[in-house]
Amino acid sequence: MQTAIVVLAAGQGSRMRSSRPKVLHEVGGLPLLRHALRSAAALNPARRIVVTGHGGEAVAAAARAEGRDIECITQTEQNGTGHAVAQARAALADFDGDLVVLYGDTPFITGTTLERLAAARTGGADMAVLGFEAADPTGYGRLITGPEGLERIVEERDASQAERAVRLCNSGVMAAPAGLLFDLIGGVGTDNAKGEQYLTDIIALGRARGLSAAVVACPEAETLGINTRADLAAAEAVFQAGARRAALAAGATLTAPETVFFAHDTTLAEDVTVAPFVTFGPGVSVGRGAEIRSFSHLEGAQVAAGAQIGPYARLRPGAEIGAGARIGNFVEVKAAEIGAGAKVNHLSYVGDAGIGEGANLGAGTITCNYDGVFKHRTQIGADAFIGSNSALVAPVTVAEGGYVASGSTVTRDVGPGDLAFGRARQENKPGLGARLMKKLRQAKAAGRG
């Protein structure tokens, strides 16, 4: 049976106090919406629809980053979850299969859980709802069950005292045949405390027709929805705790796990060591046996086996660090390939560059890559030596085995094995230093300057 998913992403999220659409706030460096879409991939859906509202263009762009086939439909009037799902009716008019409704602000429902929800449908239930046992059910809709399964879903503000005592709660996620679901939504009214069309009302409507409804339970942590900045922080903490456990289980050493922060796609090979206070942004992979030292920040970077990064290093997008290379303290690398065994150990900036195997860049080396409009590339050959406090004005090449004297400004290519000087001639003025200092001290004593 084919499956379609509809992800509701139209909520403005005013409680976030943000101009950014709620579903575009990030956990692990990935928008909430994209977390939901990635979980849904477990169902191998034939159709994927995102219902947008506030900030619709930005939401649609984020959705399509997960796949160009994703259809985006705008809900111009916010009139409840039932009304939001109904916006997909025309798009799915010819679809013959199940429809699974998800939420763009609920990032942790796993693919395995969604597969169990789909299995409940194929197992015979006309409708299936994802529920959870809440430690504190306050604020949640309650799943009211009976001998024949789920009977109805009651929102807390509409619930009786007895119904509020129920701890089996509604996640909002459900599955049903698309045609049936849209037919039932057509009968949903607005006779409730909020005056909206509740998607949850279709359960009672379906049961009144003699249809069956099943509950599939999952851990409460999976159903965490994001409505406030506090919720977002809690979700980030949940994500980071899971990422740290996964890294340790995969064979990495985290000296102080609680101080290391991961992105959704961070990859650490076996025997990687990560010191305290390291942050991984999106797009980072680290090879076997590499060491990431304290207070380093990596984003969009690939680190090969046995390399050493930091402390206090910054790897920006496009940094590719070769096997056994060394990137030291207060070094920034951007859009540059650092060859195997090369060293950039201190206080340097390497951007838009290629550094050959075994090359050594001294402290304070700068590749001057930007002229105010265009970026230019620096190429340094294998086993070249760049002396401390050198500026390489791109585009420029230092060939294999080239040597740049300390304090040089290099504006022309350096040939293989050549020595380049680019300094102004030094002149010493006998006694002038002492006379100048005496004059300055006198001015200070007189209160001048």
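Reader: In which loop is the place of Pro311?

Author: Pro311 is placed in the loop between strand E20 (308–309) and strand E21 (314–315). Helices (H or I, at least four residues) and strands (E, at least two) are DSSP runs, numbered from the N terminus. The model is a predicted one, in which local features need pLDDT of at least 70 and side-chain atom pairs count only at pLDDT 80 or more, while totals for chains, interfaces and linings use all residues. Residues are numbered from 1 along each chain as its sequence is written, and side-chain values use heavy atoms, with hydrogens and water left out.

Gly310 and Pro311 are joined by a cis peptide bond, with omega of about 10°. A cis bond also runs from Ala394 to Pro395, where omega is near 0°. Pro395 is found in the loop between strand E31 (391–393) and strand E32 (396–398).

Asp271, although not a glycine, has a positive phi of about 65°; its place is in the loop between strand E13 (267–268) and strand E14 (273–274). Asp383, likewise a residue other than glycine, has a positive phi near 60° and lies in the loop between strand E29 (378–380) and strand E30 (385–386). Asp383 counts as exposed because its relative accessibility is 51%. On this scale, buried means under 20% relative accessible area, exposed over 50%, and partly exposed in between (1.4 Å probe, protein chains only).

With 11% relative accessibility, Thr106 counts as buried, and it lies in the loop between strand E6 (98–103) and helix H4 (111–122). The side chains of Thr106 and Asp105 make a polar contact at 3.3 Å. Such a contact is a pair of N or O atoms within 3.5 Å; within protein, one must be able to donate a hydrogen and the other to accept it, and residues adjacent in sequence count only if both atoms are side-chain atoms.

Asp105 leads on to the largest pocket, for it is among the residues that lie nearest the centre of that pocket, together with Lys22, Thr81, Lys194 and Asn227. A pocket is an open set of points on a 1 Å grid over the protein atoms alone, where a 1.4 Å probe fits, with protein on both sides within 12 Å along at least five of seven lines; lining residues have an atom within 4 Å of a point. The largest pocket has a volume of about 1,500 Å³, a volume being the space filled by probe spheres set on the points, which are joined across faces, edges and corners. Its lining comprises 43 residues.
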